[in-house]
Amino acid sequence: MTLAIVLAADPAAGHLTEPGRPAGEPLTERLAAQWRGAGADDVRIAADLTELADLVAAATGPVLVSGADLVAHTAVLKHLATSPVGPTVALVLTDPPAPGQATVREERGQVVEVDAADASGVFGGALRVGPADLPALADAARRAAGAAPDAPDARLTDPASAPGVGATDGGPRNAVDRLVADLAARGTLIFAQRVRLLVAHRVGDEAQRAAAEAAVAAVDEDRAELKLSVKERDDFFTTFFVSTWSPYVTKAAARIGIGPTGVTMVSVAFAVAAAVLFGAGGRLALVAGAILLYLGFVLDCVDGQLARYTRHFSAWGGWLDTMADRFKEYVVYAGLGFGATHAGFRYGWALALAAMTLQTVRHMTDTWYGALHDEAARRPKVVTADAGGIGGKLNAASTRVQADTGSVSYWLKRTVVFPIGERWALIAIAAALFGPLVALVAVLVWGTLAFAYTGGLRTLRARWMRVPVMATVDAGLHRDDGLLARTLPTARRPLLLAVLGALGSAGTLVWALLAVHSGGDLPVFVPVLALVLLLGAAQGSRAPHDGSLDWLVPAALRAAEYLFAIAVGVAGRAPAWLIFGYVLVLTLHHYDLTARLEKRQVAPPLHAATLGWPARSVLLAIGLIAGYASIALATMTAYLFMVFVASVVLAWVVLPARARGGVRSPG
C-alpha cells in the first residue's frame, strides 16, 4: 500500500489559498486530492514533522511526501509515484531556488549532493521513499522536529550540523527540504525525477500561485504525457525513423487495452517471422523479413512507451523486455545463419555464432561499465595526481558531447557505438538488398569496430575513475562461478586469469577449426590445456575484485566459456545449429543475471542448478574426450533450458503468488 503525506508545516501552507475557497484555507487539501488521483492508497495531512514521523514509522509500503507549496499537474505526482528508476526518488525542478529551498546536483539520474556549489536543479518539494529507506525518513523527520534519537552518524544528532541540513540562501530551511537534505547526508540513494513538458512550481505567495496555476492550465496534460512516453535521449535511427510516429501506435494500444507485455509478445512474433523469412531466402522473402524486422523494432519501442504512458511498470515487464530484446536479435542471427548456409556459404552458422558471442560480450561490458559509472557518481569526488590525464580529458570531452544534444558529434557518438536501432536497421537493409551473408558480415564488422572503440575509451576512463565496482556486489554470483570454483584454491589477479582463460579458449577454437578443415582431429592435450587455463580463471572467484578494470571480468569469463563450448562443438563435429542453440541458452542465463543486476534484484531461484561455467566447461570437455561431444552439448542444452524455464516460473509466478496468497500469472 502506498501512503501519501502532505506536510502542512512549511511557511507557505499558512497563506496560500486555492481559487474559490475561503481566504486563508491552505492548499493541502488540493494536493491531497492530487495524490489520490496519482494512485496513492492512503492520503494524510500531517500538521508537523513529528506527526509525519509517526505516520512513516507505521508504514509498510512506499511513502510519498510533499510540502504544501507545490503547484503541479497531477501527472507530475503520478510520474513520481510510479517512477521505475529506483525505490527513493525526488522531484527536481529547473526553477531558481527560493530562500529555504534545497538545491541538488545530479549525475546519471542520481541526486549525488544537496546544496552543491555546482547545483543542476532545485528540489521540487516532493519525494517518494522506498520501504528500505523509511526508517531513515522517520529518523530524519524526528531529528528535524527537534528530537535527537540515536543515529548512525554523530554529525547528524543536531540537524544544523549535518551537511546540507542547515539554512540556505539566507532563509530558514523548509520542512520537506530538511528531510531530503538529511536523507542525502546519510548517503541514501536518491534518484531524480525531472519535469519535462508538464508543469510544476513551488510557490511562496498568491501571485506566484496564480502564475503557476495559469501555466498548468495552459498545457494539455494527456498530450504532454504521450510525448513524454518517448525517451528523452535515444539513438539516431530510433529518434528519426521510429519515435516520429510510434506514439500514435502507443495511443492506439492504450485505447484498445493492450498492455506492454502484449506488445512485447507481438514484437517477438514479428522478429521470429522475420528470422524464418531470412532463412527461407529469395528476394521477396528477404524484403518481407526486413519489413517485419523494422515493424518488430517499432513495437519494441512501443512497449516501453506504452508502459511510460499508462504508468504500468513492473519488475516482470522490465525483465521480460530485456530478455525478449536479446532473444529476438539472436533468433534473427539464427535465421541469417541458416539462410547464408542454405544459399551455399559453408560458414553461415559460424558467422551467426560469432555475431551472437560478440554482441553478448559487448552487452556484458555495457552493463558493468554502466554499474561502474553509477557507483562513481555516488562516490565523493577525489582529486588524483592524474586528474588531468587522458582519462580525465576523455571524461570531460564525453560530458561536453553528451550535453550538446543537437550537435553532429553527439549523434556520431551515439551511432558509432552500434546500438540496437542501428543494428536492426543495418540487418534489415543489408538482408533486403544483399542477402543474409552480407547482413551477418556487416554486423560483425561494425560490431567489432564499435567494441574496439568503446572498450578502449572505457578502459582509459575506468582507470581514471578508479572505482572497484565488482567489490560492491556478489562477485561470485555475477561471475557465474558455481560450486566448483569455490572448491578451488584462491588466486589473485582475477582479470588477468579471466583473460588468459579466454585466450586459451580462443586458441583452442582456432586449432579445432584448422584441424577439422584439414580433415584431422583435435589433439587431446589442446582442450585439456584450455581447461587448465579455464580452471585457473575460476580460482579468481574468491579473490578481491578491487581493481579499476575488474568490471571487465564477467565479459572475459563469458567469452572464455562461449569460445570453449564452440571449440568443443567444432572439434566433436557437432551440428552447427546445436552449437548455436547451446550458446543461445547460455546467453539467456547470463542476461537473466545482468537484468537482475540492473533491476537490483536477487539471484534467480535455481541459480545453483546451472552448475557454474567451470563445471559446465568440464562436462563438455569430458564429452569431447570421450567422443560424445554432440550428446554432451544436446544434454546440457536441454538441461539448462529446463532449469531456465523452471527458474522463470518460480521467480515470476509461483513465489509472487505465494506472497499474495493466491495464484496469478505475472502481468
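## Where α12 meets α17

In this predicted model, the crossing of helices α12 and α17 is left-handed. By class, the residues in this contact are eight nonpolar and two polar, with no charged ones. Helix α12 covers residues 315-342 and helix α17 covers residues 436-465, and their axes come within 8 Å while crossing at roughly 130°.

## Asp325 within α12

Helix α12 also holds Asp325. With a relative accessibility of 11%, Asp325 counts as buried, because the limit for that term is under 20%. Leaving aside residues up to four places away in sequence, Asp325 touches Asp300 and Trp424.

## The length and burial of α17

The 30 residues of α17 should span 44 Å at 1.5 Å a residue, and the C-alpha atoms at its ends lie 42 Å apart, which agrees with that expectation. Buried residues of α17 include Pro436, Ala439, Leu440 and Val443, and also Thr454, Arg458, Arg461 and Met465. An α-helix has 3.6 residues a turn, so residues three or four places apart point the same way. After α17 comes Arg466, whose phi is positive, near 55°.

## The pair α20 and α22

Two packed helices are described by the angle between their axes and the distance between the axes. For α20 and α22, the axes come within 8 Å and cross at roughly 20°. Since angles under 35 degrees count as roughly parallel, α20 and α22 are therefore roughly parallel to each other. Their crossing is left-handed, and by class their contact has 21 nonpolar and three polar residues, with no charged ones.

## Helix α21 and what covers it

Helix α21 runs over residues 525-538, and at 1.5 Å a residue its 14 residues should span 20 Å, which agrees with the 20 Å between its end C-alpha atoms. The buried residues in α21 are Val526, Pro527, Ala530, Leu531, Leu534, Gly536, Ala537 and Ala538. What covers these buried residues includes α20 (494-517) and α22 (553-571), together with α18 (475-479), α19 (482-487) and α24 (613-625).

Definitions and conventions: Residues are numbered from 1 along each chain as its sequence is written. This is a predicted model: local features need pLDDT of at least 70, side-chain atom pairs count only at pLDDT 80 or more; totals for chains, interfaces and linings use all residues. Side-chain values use heavy atoms; hydrogens and water are left out. Helices (H or I, at least four residues) and strands (E, at least two) are DSSP runs, numbered from the N terminus. The expected span of a helix is 1.5 Å times one less than its number of residues. Buried means under 20% relative accessible area, exposed over 50%, partly exposed in between (1.4 Å probe, protein chains only). Contact means heavy atoms within 4.5 Å. Axes are lines fitted to C-alpha atoms, for helices over the stretch in contact, and angles run from 0 to 180 degrees between N-to-C directions. A crossing is left-handed if the near helix is turned anticlockwise from the far one by less than a right angle, and right-handed if clockwise. Ala, Val, Leu, Ile, Met, Phe, Trp, Tyr, Cys and Pro count as nonpolar, Asp, Glu, Lys and Arg as charged, and the others, Gly among them, as polar. Angles under 35 degrees count as roughly parallel, over 145 as roughly antiparallel, 65 to 115 as roughly perpendicular and the rest as oblique.
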